[in-house]
Amino acid sequence: MTGDVFRGYLLDGFFNLAGAMTGQGILLVGMMTEAVVTPWLSDRDLALQNVRYVLDAAGGLREDFHPAPEGLIATRARQVLGEAVDLLERIADEGLLDAIADGTFGLMRRPADGGKGLDGVARRSDAYYNPATEILEES
């Protein structure tokens with residue numbers, strides 16, 4: 001996203017089209033003002049209109065859309081899948097907290113023992129109970 005809301009709206013439409021052509025059941029709705037703090041709800045409404053418009057107009061394209069096995073789309077998909085597997089293996093080797101601290105998931109780095117807001121985190125009471133924690137710690 002460049003900050004140009006019109007360009008961003010068009011880009012979001014292309015993502016919606018790709019989702020429609022590949023039969024995605026869930027689409028991540030892009031906002032024209034992505035990462036911009038705004039009090040207006042109209043950008044969210046426009047984003048949903050974009051999704052509806054594209055799905056209504058091109059939702060049936062998935063029936064006839066078959067990328068060539070060695071074409072641009074399939075080749076890029078294999079590349080992205082390979083990079084994703086490599087990244088997950090690196091994260092598994094280094095650990096999730098170290099990956100977050102290194103800025104793996106974005107430009108903002110967050111050390112495991114610090115970061116914005118740490119002073120607002122309350123220590124867990126000895127009486128605290130969460131069954132999910134037990135299950136996760138067992139594995």
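The structure is a predicted model, in which local features need pLDDT of at least 70 and side-chain atom pairs count only at pLDDT 80 or more, while totals for chains, interfaces and linings use all residues. Numbering runs from 1 along each chain as its sequence is written, and side-chain values rest on heavy atoms, with hydrogens and water left out.

The fold comprises 5 helices and 0 strands, in the order α-α-α-α-α along the sequence; helices (H or I, at least four residues) and strands (E, at least two) are DSSP runs, numbered from the N terminus. The radius of gyration is 21 Å, whereas a compact globule of 139 residues would have one near 14 Å (taken over C-alpha atoms; the globule rule is 2.2 Å times the number of residues to the power 0.38). Along the principal axes, the C-alpha atoms fill a box of roughly 55 × 45 × 30 Å. Of the 139 residues, 14% are buried (under 20% relative accessible area, 1.4 Å probe, protein chains only).

Turning to the helices, Phe-14 sits in helix α1, residues 5–21. Together with Leu-10, Leu-11 and Phe-15, Phe-14 forms a nonpolar surface patch of about 420 Å² accessible area (Shrake-Rupley method, 1.4 Å probe, with only the protein chains shown counting as cover for residues).

Helix α5, residues 131–138, lies largely in the open, because 0 of its 8 residues are buried. At its start, a side-chain oxygen of Asn-130 comes within 2.9 Å of the backbone nitrogen of Ala-132.

Definitions and conventions
Patches are made of residues with over 30% relative accessible area and no salt bridge: like charges are joined within 9 Å, nonpolar side chains (Val, Leu, Ile, Met, Phe, Trp, Tyr) within 5 Å. A salt bridge is a side-chain nitrogen of Lys or Arg within 4 Å of a carboxyl oxygen of Asp or Glu. Buried means under 20% relative accessible area, exposed over 50%, partly exposed in between (1.4 Å probe, protein chains only). A polar contact is a pair of N or O atoms within 3.5 Å; within protein, one must be able to donate a hydrogen and the other to accept it, and residues adjacent in sequence count only if both atoms are side-chain atoms.
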